[in-house]
Amino acid sequence: MRQVNQLFLTFLLMVSGLTAFSQNRTVSGTVTDSQNEPLIGVTVVIEGQSTGTVTEGDGGYALSMAPGTYRLNFSYIGYASQTQSVSVGGSNVTLNVVMESEATNLTEVVVSVGSRTSQRTITDSPLPIDIVSSKDLASTGQTTFDRALQYRVPSFNSIQTPVNDATSLLDPYEIRNMGPSRTLVLINGKRKNMSSLIYIQTSPGRGEGGADISAIPTDAIKRVEILRDGASAQYGSDAIAGVMNIILKDRQDGGSVSLNAGITAEGDGEMIGLSLNNGASFLKKGFINYTMALSRQALANRPGKVSAVGESSDFGADISDVNNFLKVKPDAGNINGDPEKTSSRFLINAGLPVSDNVEAYANAAYVYKKVNSFANYRTPYWRPRSERADGVVDNPYALLADQAGEDYLGYVPTFEGDLTDYNGTIGFRSENNGWNSDVSFTVGGNQQLYTVANSRNRSLGINSPLVFKPGGYEFKHNVGNIDVSKMLTDGLNFGIGMEFRKETYTILKGDTASIVGKGTDSFPGTGEANATTNTRSNVGGYIDLGYDITEDFLVNGTLRFENYSDFGSTTVYKLSTRYKFMDDKVTLRASYSTGFRAPMLHQIYLQIAQQSFVPGQGIQTKGIVNNRSLQARVLGVPPLDAEKSKNFTAGIGLNPNRNLSLTLDYYSIKVEDRIVLGSEIAESDTTTTLGQILKDNGIVAISFFSNGLNTKTSGLDFVASYRNIALGSGKMTVNLAGNYVIENGLDGDVINPKLIEDAGKSIFDATQEALLFSSRPEYKVILGFDYNIGKFNINLNNTLFGPTTFRQAGLDANLKTVFQPKVVTDLGVNVELSKNLNFGVTVQNLLNVLPEYEFEALNAAGEAVLKDAAAVEVNRNYITFNNRYHILTYDGSHFSQLGTVIAGSLTLRF
């Protein structure tokens, strides 16, 4: 590996040391609107190349170009894109451009994602790409970036989970139902660090993790490019489902201060936020843009009325004692919904030309979030005041009660998370004789520290503290990139690049009181044996060729090799093509690729004890053993290997006129050796080899990660947009987009270790199967209307969430839980109070639609259960923890349970 590092450093120095001397000439000019006002931040790109720039504060731009004939693309959100031809000879060239305003046409915005050789518009790209503008994000009224995407991109899904603890710090999200860890997130084209969290509760995304995109302030975002196609050959690991490239604001386009506030229709979940975005130009062509955002959100609570019969059954309590308590606390003191959150976000983006042909750039972000959530309420019949047979009180439980005095009512432990997330990139772009190079270094990290209060360690008796520090997690990476490209001949683009990455994952030890004996009630601490630090490194390189056979016919190929220090090497490739005809009104495109995803360090080394709800038994402690542990070896669990994928996409794009665009894309994704966190394995029969091994090693029940599945996923994506529809004295845009899942399931048998297979057990039960394959909507459709008239903008958005299916633990094996299709309507109104002042109001979920589920029978036995009202009630108690989680159940649903939310914003531009 030392030789690889030296080679990488030598390559870095060679590329960054390229001479700036050339015979290039300068093409420059000014870009203005129809009123002769300069436009700041217009993207200017040489067609077929990655070379480009953006206009400065006076609307000016300049490009250094070798002699020849070129086509320049000018694009800016809100204006009709233009293409201008220019011939460069022995002298400099001046080219001024006037751009006409129009309703936003994102199909002509030049995108960065999807190609390693040249930047193209969506129309020219051979790959399906969604673009979400900053205006689109703001119009949702959502408080975080990930939740805004939920209501703008059909193939993107995210949900607030009902069971919070560590999951409350980051909602699980995914593209095309492929899990959080199979979408690569980039910031300005550079890899963002993963979160240190991995989801282990029974929720969508279980056993996986992803980058914390909720940490990115939306006011800092210029646009989001979502590549809906496998891209491992271009970008490396994690890009099986696609790539999300977040483009930051990069010029001084006027500063702004925004005050945001919101509240639910129930009168809780109050939110207030303050955001500042500003920028400045310096040294003629240099720029800096920065964003600061502060926000605070109060608790929104949605508990249900708890079943006394279910409580008595689960805890073996006298029904009269349960009823007496529920008279005081009908919801059993349970708190679930959207927890209290406080966050501070800081982000900066800058660029500075070093010479005519070299630009330095940098961006950095720092985020702090504090989340206060709660464990399940410990009722007095669950945690009685005295645990001694003689009735002597051995612990001052009254200190944990809601009220002082003789009546002990139990207590509710808190779960407090402190999260920090940071990333930073510095790099240089240069152009010399048509060779374009980009050299960069990126750092990033995510740390989560946990605090449990208002709880106790029962093993410590009266000596137990009430506040504990059970530990946490940390992940960080360092990434170096070199990318070089050139148009070798007319239409032939060549690209080559290299990436080096080092990752570190740390499990942080808890304090002594949270570890000893039974550990903290609700969230035991991490012991010293499980608190480890593990690292790995990898180096990869790619070669990319793109050839415009004609102006209409494009073919592209990419080959990539990666070597990881912990599991070895892999080689993947990608082929794509695009053909346009009928004056570019029809576009056909297709791609085929192989891909891979390296196992997360989290999946390899996580080892913990976790308390979770077990239907019919209340809260039980379960264990997860790490993949490299002795226990895993004893059970015959092999070391984790990389997932392998095969992606196929084919689509058609129609542009009958400049205002109407339609695309339809089919996708198929097959994943081999998919990594899963298996179901809990327990075996009391010691006559089996598995049972004897568990007994000999003191193991009651465990879960572990393994390459346990082969899966196949296919579906359709549809996007249509009709702009500039005259309506009265205003103009309207209609957008219709949808995602439909044709297939999402197993491809062959579950891959069980032999000992487990021989004992008749499986790592993949019905609960896990539903979480992985059917817990996201079968289809999702977004119909939006955007109307501009005078100083008003009115936005009406309707999101249809298709059905989702769960098989929760404890549910009768002959039943399934199906959440019904629902339409969520959002209405937003914005008005320009003056030239510099804007006021907006958004009503999210205008009709107060809530998730609703029904039990459906899988067979005749299930039909018999549904005819028995008492049996139905028992099953309802099982999946909702006796109705504590009455809206979403314990595993979640397809959209939020908060109902109507009213949000307002006041923005001052300067």
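Which residue in the turn of the β14 and β15 hairpin has a positive phi? Asparagine 188 does, at about 50 degrees, in a hairpin with 2 residues between the strands. Some notes for you follow.

1. **Ground rules.** This is a predicted model, where local features need pLDDT of at least 70, side-chain atom pairs count only at pLDDT 80 or more, and totals for chains, interfaces and linings use all residues. Residues are numbered from 1 along each chain as its sequence is written, and side-chain values use heavy atoms, with hydrogens and water left out.

2. **The whole chain.** The chain has 14 helices and 47 strands (DSSP runs numbered from the N terminus: H or I of at least four residues for helices, E of at least two for strands). Of its 910 residues, 60% count as buried (under 20% relative accessible area, 1.4 Å probe, protein chains only). Among contacts (heavy atoms within 4.5 Å) between residues at least 6 apart in sequence, 70% join residues at least 24 apart.

3. **Strand β14.** Strand β14 (residues 183-187) is largely enclosed by the rest of the structure, because 5 of its 5 residues are buried. Thr183, Val185 and Ile187 lie on one side, with Leu184 and Leu186 on the other.

4. **Its partners.** β14 pairs with β17 (residues 242-248) in the parallel sense over 5 bridges; pairing requires at least two DSSP bridges between two strands. Here leucine 184 stands opposite valine 243. With β15 (residues 190-191), β14 pairs in the antiparallel sense over 2 bridges, and leucine 186 has arginine 191 as its bridge partner.

5. **The largest nonpolar core.** A nonpolar core is a set of buried Ala, Val, Leu, Ile, Met, Phe, Trp, Tyr and Cys residues joined through side-chain atoms within 4.5 Å. Among the 29 residues of the largest one, those that touch the most other members include Ile200, Tyr450, Leu606 and Phe705. The largest share, 3 residues, comes from α8. Phenylalanine 705 touches, among others, Ile198, Gln603, Ile624 and Leu677, not counting residues up to four places away in sequence.

6. **A surface patch.** Leu259, Ile263, Ile272, Leu274, Leu833, Phe839, Val841, Ile902 and Leu906 form a nonpolar patch on the surface, with about 720 Å² of accessible area together. Such a patch joins nonpolar side chains (Val, Leu, Ile, Met, Phe, Trp, Tyr) within 5 Å, from residues with over 30% relative accessible area and no salt bridge (a side-chain nitrogen of Lys or Arg within 4 Å of a carboxyl oxygen of Asp or Glu). Areas follow the Shrake-Rupley method with a 1.4 Å probe; for residues, only the protein chains shown count as cover. Isoleucine 272 sits in strand β19.

Methods. Buried means under 20% relative accessible area, exposed over 50%, partly exposed in between (1.4 Å probe, protein chains only). Patches are made of residues with over 30% relative accessible area and no salt bridge: like charges are joined within 9 Å, nonpolar side chains (Val, Leu, Ile, Met, Phe, Trp, Tyr) within 5 Å.
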